[in-house]
Amino acid sequence: RGRLHLLVLRGRPRGRRQVELPTLRPGEHRSLSDAERLEAAQRQLEQLSTETLGLYRQINLLYRIGETINEAAGPEEICALLLRESVRILRARAGRIELEDGRAWGEVPEAPESTLQVPIETPNGRIGQVAVYDKRRGAAFSAADDKLIRALARQAGIALRNNELIAGLRVHNQELERLNGELRVLDRLKDEFVSNVSHELRTPLASIKGFASTILSDPEMPPP
C-alpha cells in the first residue's frame, strides 16, 4: 500500500514494458481496481500496435523502393530515384547526391536550417553521399529519419555496385566476342591454306605417280 503500482506485460523478444500508474499519496489506502488495470493494458496495447504499424509501413516502403532501385537501368537513374524518394519520404525541401567520381544530382539550398547526410557505401567502401535539407514545417530530422535514409542509401549502394559489375561483364563479353570473331577468321584462313596446299601438292604427285607407273610397266626398262 502507498507504493507505485506497475503493470508488466510479457511480449516478444523486444523485452518487457512497464506502464506507470498514478502514485498514491502517503496515507491513501486503496487497491488498484480491475478497471484501472484494464485501462493501462489497453493503453499499452495501443502503443505497441502503433509502433508495429509504423515499422511495418517502413519495411514495406523500403521493400518497394529497393525493388524499384534494383530495376533501374543505370547509375543516373538509380541516383535520381534515391534522391527523389529521400526528399519525398523525409518531407525535405531539397536534397543532393554526390559520387566520388564527381557526378552529382540535386541542389543545396541557400542557408539550410537543418541537414541530414549519410554515406552511400558498397562492399568495397564509400562511393558517395546523399544529403537532404530543411524538413518541412520546421521540424528537425530525427534518429528514425537517419535510420530510414541510411537503409535507402544502402539499397542504392548495392544497386550501383551490381550495375558496375554488370557493366564490367558487358565489356568483358564484348571483348570475348571480338576475340571469337578473330579466331573464326583465323580458322577460316587455316582451312583455305590447307585446301590450297592440298591442291598444289595433289597435282604434281599425280603426275609423278603416272610417270612411275609408266616406267614400271615398260618392258624395256631395267628392273628396279
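This passage reports the computed features of a predicted single-chain model.

The model is predicted, so local features need pLDDT of at least 70, side-chain atom pairs count only at pLDDT 80 or more, and totals for chains, interfaces and linings use all residues. Residues are numbered from 1 along each chain as its sequence is written, and side-chain values use heavy atoms, with hydrogens and water left out. Over residues 1-19 the pLDDT is below 50. This stretch still has 36 contacts in the model beyond near neighbours in sequence (contact: heavy atoms within 4.5 Å). Where pLDDT is low, the predicted coordinates should not be read in detail.

The chain has three helices and six strands. Both element types are DSSP runs, numbered from the N terminus: helices are H or I with at least four residues, strands are E with at least two. From the N terminus on, the order is β-β-α-α-β-β-β-β-α. Helix 2 spans residues 75-90, and strand 3 spans residues 92-99. Helix 3 covers residues 143-217. Residues 24 or more positions apart account for 56% of the contacts with a separation of 6 or more.

The accessible surface of the chain comes to about 16800 Å² (Shrake-Rupley method, 1.4 Å probe; for residues, only the protein chains shown count as cover). Carbon and sulfur atoms contribute 54% of that surface. Buried residues make up 26% of the 224 residues in the chain. Here buried means under 20% relative accessible area, exposed means over 50%, and partly exposed lies in between (1.4 Å probe, protein chains only).

Strand 5 (residues 115-122) pairs with strand 6 in the antiparallel sense over eight bridges (pairing: at least two DSSP bridges between two strands). The two strands form a hairpin, with two residues between them. Within this pairing, V118 stands opposite V130 in strand 6. In a regular strand the side chains alternate between the two faces of the sheet. T122 also belongs to strand 5. Its relative accessibility is 12%, so T122 counts as buried. Leaving aside neighbours within four places in sequence, T122 is in contact with I127, G157 and R161.

Two residues other than glycine have positive phi. For R91, phi is near 55°. R91 is found in the loop between helix 2 and strand 3. It is exposed, with a relative accessible area of 58%. For D134, phi is about 55°, again positive in a residue that is not a glycine. D134 is found in strand 6 (residues 125-135). At 8% relative accessibility, D134 counts as buried.

A search of the whole structure finds 15 salt bridges (a side-chain nitrogen of Lys or Arg within 4 Å of a carboxyl oxygen of Asp or Glu). One of them joins E98 and R96, with an N to O distance of 2.9 Å. Both partners are partly exposed: E98 has a relative accessible area of 32%, and R96 has 23% relative accessibility.

The side chains of D146 and R150 meet in a salt bridge at 2.8 Å, N to O. These residues are four apart in helix 3, about one turn of the helix. R150 is partly exposed, at 35% relative accessibility. E164 and R161 form another salt bridge, at 3.6 Å, N to O. They lie three residues apart in helix 3, also about one turn. R161 is a contact of T122 as well. Elsewhere, E76, D101 and R103 are linked in a network of salt bridges.

A nonpolar surface patch of about 360 Å² is made by L183, V185, L186 and L189. Patches are made of residues with over 30% relative accessible area and no salt bridge; like charges are joined within 9 Å, and nonpolar side chains (Val, Leu, Ile, Met, Phe, Trp, Tyr) within 5 Å. L183 is found in helix 3. With a relative accessible area of 53%, L183 is exposed.

Methods. pLDDT is the predictor's confidence in each residue, from 0 to 100.
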